[in-house]
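The entries follow in the order in which I looked things up.

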Amino acid sequence: MLQGETLTEACDRLDLGWNPAWLSAAGFSAYDSAGTALEETAHTAGKVVWEPAVRTCRLDDKVPDTASGIRHRRRVSGELAVLAIWARTVTERSMQVPRPLEQSGGTRGALFRDLLIYFLQRSLPDGWQVRHEVPLTHIRGLHMRRDVGDRKSDILIIDSGHRLVAALSSKWTWRSDRGTEAAQMVPLTRYRPDVPYAMATAEFPRAASVARESIEDRTYHLCPGWAGAWMAVNELPPEASARDRWPDLASLMREGDSRAEALALNGLEVLVEDLKNSGDIL
């Protein structure tokens, strides 16, 4: 910021693809380089310091840290938009969420799977089971098949009557070349076509492709509104102002929900309802 400049003026001068008001609404406070709160203008020129520290999550694996120009602008803007929504959600629910400095892809995938299992077990009726890593040979209809082998399922949902309601694949991220667990899906669709095969993911850049191209029976997203907001910010034209388009965090969140609805991105609460409704199917 320049001395005597407001955050709004700095946002316009630097042609930011994001709006500092999003972070302010999420509980972040801005200070000038001298440590003075930016309630109006900067007392000294220099970098803005945010409290708590701003730490974003990398959401697009196609844009490297060394990217510049419009690609860098879009990546930073999308990450800050999601951070603001995440921080506001955590604050509203009075949650304390520790953020490790670094996690490998495998660790994230395992945590996501465990989250799904925990969420489903707490959300489904008493007597229902949510099991993971079940050998496919333990499923009736697959148990004596020559071509099933030692493959295992991601997650199986079993109701109180011991019916196999659905098989669920958990995908922290998604690509067309590994969007489905074909090794699981082929035996299931061949020998147990009565069992729906669904997928839950936390994918951002390819969220629209998941809804459009995935061959599972149903797909669900961890936070569809957040993915919708990320898409909206990424698609903002270079000459457009994020501050004018979304003057506050609430307007950005509404845009995200609208995008998600238009793309038919269903959340985990829809997954729970779909599973419960299987009880009405004879």
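In which sense do strand 4 and strand 5 pair, and over how many bridges? I found that strand 4 (residues 155-158) and strand 5 (residues 164-171) pair in the antiparallel sense over 4 bridges, where strands are DSSP runs of E of at least two residues and helices are runs of H or I of at least four, numbered from the N terminus, and where two strands pair if DSSP finds at least two bridges between them. The bridge partner of Ile158 in strand 5 is Leu164.

Before going on I noted that this is a predicted model, in which local features need pLDDT of at least 70 and side-chain atom pairs count only at pLDDT 80 or more, while totals for chains, interfaces and linings use all residues. Residues are numbered from 1 along each chain as its sequence is written, and side-chain values use heavy atoms, with hydrogens and water left out.

I traced an open sheet of 5 strands in the order 3-4-5-6-7, with mixed pairing. Strand 3 (129-132) and strand 7 (218-221) are at its edges and have a single partner strand each, so one side of each is left without a neighbour in the sheet. Neighbouring strands of this sheet are turned by 25 degrees against each other on average, direction ignored; the axes are lines fitted to C-alpha atoms, for helices over the stretch in contact, and angles run from 0 to 180 degrees between N-to-C directions. I then saw that helix 10 (residues 268-277) lies across strand 4, strand 5, strand 6 (197-201) and strand 7, running at about 140 degrees to strand 7.

**Helix 7.** For helix 7 (residues 224-234) I noted that 10 of its 11 residues are buried, meaning under 20% relative accessible area, with exposed set at over 50% and partly exposed in between (1.4 Å probe, protein chains only). Among the buried residues are Trp230, Met231 and Asn234. The buried residues of helix 7 pack against helix 2 (20-25), helix 3 (69-92), helix 6 (207-213), strand 7 and helix 9 (249-262), contact being heavy atoms within 4.5 Å.

I looked at one of these partners in detail: helix 7 and helix 9 pack at an angle of about 105 degrees, with their axes 7 Å apart. That makes helix 7 roughly perpendicular to helix 9, the term covering 65 to 115 degrees, with under 35 roughly parallel, over 145 roughly antiparallel and the rest oblique. The contact includes Gly225, Gly228 and Ala232 of helix 7 and Leu252, Gly256 and Arg259 of helix 9.

**Salt bridges.** How many salt bridges does a search of the whole structure find? The search finds 17, each a side-chain nitrogen of Lys or Arg within 4 Å of a carboxyl oxygen of Asp or Glu. One of them joins Asp61 and Arg206 (3.3 Å, N to O). Asp61 lies in the loop between strand 2 (49-51) and helix 3, Arg206 in the loop between strand 6 and helix 6, 145 residues apart. Asp61 is partly exposed at 48% relative accessible area, whereas Arg206 is buried at 13%.

Glu203 also forms a salt bridge with Arg206, with the closest N and O atoms 3.5 Å apart, and both Glu203 and Arg206 are buried. Through shared partners, Asp61, Glu203 and Arg206 are joined into one network.

My last entry concerns Arg163, which forms a salt bridge with Asp159 at 2.7 Å between the closest N and O atoms. Arg163 is partly exposed at 36%, while Asp159 counts as buried at 6%.
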